[in-house]
Amino acid sequence: WTYNPLTADLLGDSGFDTLVYHCVDEIKAQPGMPVKILESAEERLCRQADIVFVTAQALLEDRKGWNPKSFYLPNVADYEHFSRALQDDLPVPDDLAALPGPRIGFIGAISGYKLDFELIRYVAQSRPDWSVVLIGKVGEGDPWTNTETFAGLDNLSLLGPRDYDILPNYLKGMDVALLPNQINDYTRGMFPMKFFEYLAAGKRVVSTNIDSLKNYHDYACIADSYDGFIHCIDEILSSGSDVDLDNRLELARQNTYRIRTEKMLAIMSEASE
């Protein structure tokens, strides 16, 4: 069961009863990748595999041409872990609690090829009364990431990475959770793991219009423009009771590691019959 297109080159295809390729990203679209090598290796691996799982519809389009036993199953979240954010007695970390509300936040890799830094800057500039919070490692997977775009923004905080164990604490202290992704070849083949993590934490989500979330308009506010992104946040902050909370939590419950693994194993069992 491999996630690496180069596996076939490294291990060959002998000695295994079953070969599963789990394609979770358009790896060749990441910065600094050997594109031609990856393209050739991934096609070879897909053709050799007994089953191919992909996490985005765009990934399915290409891989199904190489292997008809390709199946789309999006990324998932640890519901039990992130739903801790709903507990009344869970403390909000001091560094986040010290920032004035409303707090608009993102948790994840702060990398230039994934996130739209200009959008984030535009949001912070347009609403100086909001605290815009980014939590995560800067430049993960992209050493060319430059955060100078955020210089001079007093209401934007780069808090750095935080332990997985306390991410629910940080989500509890956020009023809106963001997915400010770029629209490019990489994000076309990406399903953000943070989406179901945010929902499990009970957060209302604002996202750019990435392909993988086009069918989730009932669970997130998805924007086509910078102003539309701000409008989504405004709408959430000005709304009253959170009438959609139960729907968001139920969707998150349906997309857990256990449920996804059971579905994958069932597909593998069917394919082997």
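**Reading a predicted model**

Me: Which residues of helix α11 (residues 245-253) are buried?
Reply: The buried residues of α11 are R248, L249, L251 and A252. The model is a predicted one.

Me: Why are the buried residues of α11 said to line one face of the helix?
Reply: Look down the axis of α11. The buried residues fall within an arc of 160°, so they line one face. Their cover includes α4 (79-82) and α9 (194-200).

Me: Which residues of helix α3 (residues 57-66) are buried, and what do they pack against?
Reply: In α3, the buried ones are A58, L59, L60 and R63. They pack against β1, α2, β2 (51-54), β3 (70-72) and α8 (185-188).

Me: Why is F117 called buried?
Reply: Buried means under 20% relative accessible area. F117 has 8% relative accessibility, so it counts as buried. F117 sits in helix α6.

Me: What does F117 touch, leaving aside its neighbours within four places in sequence?
Reply: F117 is in contact with I110, S111, G112, T145, N146, T147, T149 and F150.

Me: Why is G32 called exposed?
Reply: Exposed means over 50%. G32 has a relative accessible area of 63%, so the word applies. G32 lies in the loop between β1 and α2.

Me: How far apart are the C-alpha atoms of G32 and S83?
Reply: They are separated by 37 Å. Along the chain, G32 and S83 are 51 residues apart.

Me: Why is Y3 called partly exposed?
Reply: Partly exposed falls between the buried limit of 20% and the exposed limit of 50%. Y3 has 44%, so it is partly exposed. Y3 is found in the segment before α1 (7-11).

Me: Which residues form a nonpolar patch on the surface?
Reply: W1, Y3 and L265 form it. Together they have about 340 Å² of accessible area. A patch residue needs over 30% relative accessible area. Y3, at 44%, passes that cut-off.

Me: What makes E39 and K28 a salt bridge?
Reply: In general, side chains of opposite charge can pair when their charged atoms come close. The cut-off here is 4 Å between nitrogen and carboxyl oxygen. The side chains of E39 and K28 meet at 3.1 Å, N to O, so the pair qualifies. It links distant parts of the chain: E39 is in helix α2 (residues 35-48), and K28 is in the loop between β1 (20-23) and α2, eleven residues apart. E39 is partly exposed at 29%, and K28 is partly exposed at 29%.

Me: How many salt bridges does the structure hold?
Reply: It holds eleven.

Me: How do you know that D95 and R162 form a salt bridge?
Reply: Their closest N and O atoms are 2.8 Å apart. That is within 4 Å, so the pair counts. D95 lies in helix α5 (residues 94-97) and R162 in the loop between β6 (156-160) and α7 (167-172), so the bridge ties together parts 67 residues apart in sequence. D95 has 27% relative accessible area and R162 has 28%. Each is partly exposed.

Me: What makes R127 and D234 a salt bridge?
Reply: The closest N and O atoms of R127 and D234 are 2.7 Å apart. The limit is 4 Å, so this is a salt bridge. R127 is in the loop between α6 and β5 (131-135), while D234 is in helix α10 (residues 226-238), 107 residues apart. R127 is partly exposed at 25%. D234 is partly exposed at 26%.

Me: Which residues do salt bridges with shared partners join into one network?
Reply: The network joins E26, E42, D62 and R63.

Me: Why does K114 have no salt bridge?
Reply: The nearest side chain of opposite charge is E140, at 5.7 Å. A salt bridge needs nitrogen and oxygen within 4 Å, so K114 has none. Not counting residues up to four places away in sequence, K114 touches A109, P180, N181, Q182, Y186 and T187.

Me: What is the peptide bond from G101 to P102, cis or trans?
Reply: It is cis, with omega near 0°. P102 is in the loop between α5 and β4.

Key: Residues are numbered from 1 along each chain as its sequence is written. This is a predicted model: local features need pLDDT of at least 70, side-chain atom pairs count only at pLDDT 80 or more; totals for chains, interfaces and linings use all residues. Side-chain values use heavy atoms; hydrogens and water are left out. Patches are made of residues with over 30% relative accessible area and no salt bridge: like charges are joined within 9 Å, nonpolar side chains (Val, Leu, Ile, Met, Phe, Trp, Tyr) within 5 Å. Accessible areas come from the Shrake-Rupley method with a 1.4 Å probe; for residues, only the protein chains shown count as cover. Helices (H or I, at least four residues) and strands (E, at least two) are DSSP runs, numbered from the N terminus. Buried means under 20% relative accessible area, exposed over 50%, partly exposed in between (1.4 Å probe, protein chains only). The arc is that of the directions from the helix axis to the C-beta atoms. Contact means heavy atoms within 4.5 Å. Lys and Arg count as positive and Asp and Glu as negative; His and the chain ends are not counted.
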